[in-house]
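User: I would like to learn how to read the features of a helical model, taking one feature at a time. Could you give the general idea and then the case at hand?

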Amino acid sequence: MKKLFLPLLLIPMLFGAFSKNIVKTDVIDVKTPEISCAIRRNNSEHPFLDYWAEFREAHPSVCDISKEDYEAMYRIYSSLEKEEKEYINAQPDGFEEGYTIGQVIKTLVNKYYPNQQKVREEKQKLDQSSIIVIATVVALVGATAISVLYILKNQKVIK
């Protein structure tokens with residue numbers, strides 16, 4: 001049965017190997033165009049960048065920015081369009097090395113309006129295995145203390 005079944009499987013392969021390629025498709029060799037999204041802008045095109053430079057000169061430390069000053073700055077920032085915000089968020093802060101304007105604004109938002117759910121999630125909770133280990137250690141310490149007291153009482157060291 002196996003000898004008969006194997007040639008039946010190989011017959012379609014034989015016909016496929018000797019037949020001509022019937023399907024003809026033209027190869028379309030098109031290079032994909034690249035669109036550059038990086039547009040260079042001057043500070044004069046974005047008055048917010050000039051405002052940001054003045055704001056940061058007045059407040060060199062991010063932690064010392066008052067809520068009133070933050071809210072005045074954020075009103076101006078929130079009036080910007082989405083594309084302008086993306087451009088401004090990517091700009092370096094200029095006062096703190098390695099930080100962007102977007103990161104500084106996000107830090108200020110989290111400082112004055114923390115996400116309560118995120119704060120709750122940040123509290124570390126003990127998992128079940130940790131609780132079992134703690135309970136076991138407490139039980140062993142208690143059992144050891146009781147055993148020592150019992151031995152001392154039987155030896156008549158304590159009354």
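The dialogue below takes up a helix, a core, a histidine and a charged pair in this predicted model.

User: Where should I begin with helix α2, and what span should its twelve residues have?

Analyst: Begin with the length: at 1.5 Å a residue, the twelve residues of α2, numbered 47-58, should span 16 Å, and the C-alpha atoms at its ends lie 17 Å apart, which agrees.

User: Which residues of α2 are buried, and why do they fall on the same side of the helix?

Analyst: The general idea is that an α-helix has 3.6 residues a turn, so residues three or four places apart point the same way. In this model the buried residues of α2 are Phe48, Leu49, Trp52, Phe55 and Arg56. They cover an arc of only 120° around the axis, and therefore sit on the same side of α2. On the face turned away from that buried side are the exposed residues Pro47, Glu54, Glu57 and Ala58, while the cover over the buried residues includes α3 (67-78), α4 (82-90) and α5 (101-112).

User: Which residues have the most contacts inside the largest nonpolar core?

Analyst: That core has 17 residues, and those with the most contacts inside it are Phe48, Trp52, Met73, Ile88 and Leu108. Two or more residues come from each of α2, α3, α4 and α5, with α5 giving the most, namely five. For Trp52, if neighbours within four places in sequence are left aside, the contacts are Met73, Asp93, Ile101, Val104 and Ile105.

User: Is His59 buried or exposed?

Analyst: His59, which is found in the loop between α2 and α3, has a relative accessible area of 15%, and because this is under the 20% cut-off, His59 counts as buried. Its side chain is joined to that of Asp69 by a polar contact of 2.7 Å, and, residues up to four places away in sequence not being counted, His59 touches both Ile65 and Asp69.

User: How many salt bridges does a search of the whole structure find?

Analyst: In general, side chains of opposite charge can pair when their charged atoms come close. The search finds one salt bridge here, formed by Asp93 with Arg56, whose closest N and O atoms are 2.8 Å apart. This pair links distant parts of the chain, since Asp93 belongs to the loop between α4 and α5 and Arg56 to helix α2, 37 residues apart. Both partners count as buried, Asp93 at 4% relative accessibility and Arg56 at 0%.

Technical notes
Residues numbered from 1 in each chain as written. Predicted model: local features only at pLDDT ≥ 70, side-chain atom pairs only at ≥ 80, totals over all residues. Heavy atoms only, no water. Helix = DSSP H or I, 4+ residues; strand = E, 2+ residues; numbered from the N terminus. Expected span 1.5 Å × (residues − 1). Buried < 20%, exposed > 50% of the residue type's maximum accessible area, 1.4 Å probe, protein only. Arc of directions from axis to C-beta. Contact = heavy atoms within 4.5 Å. Core = buried A, V, L, I, M, F, W, Y, C linked by side-chain atoms within 4.5 Å. Polar contact = N/O pair within 3.5 Å; in protein donor to acceptor, adjacent residues only side chain to side chain. Salt bridge = Lys/Arg side-chain N within 4 Å of Asp/Glu carboxyl O.
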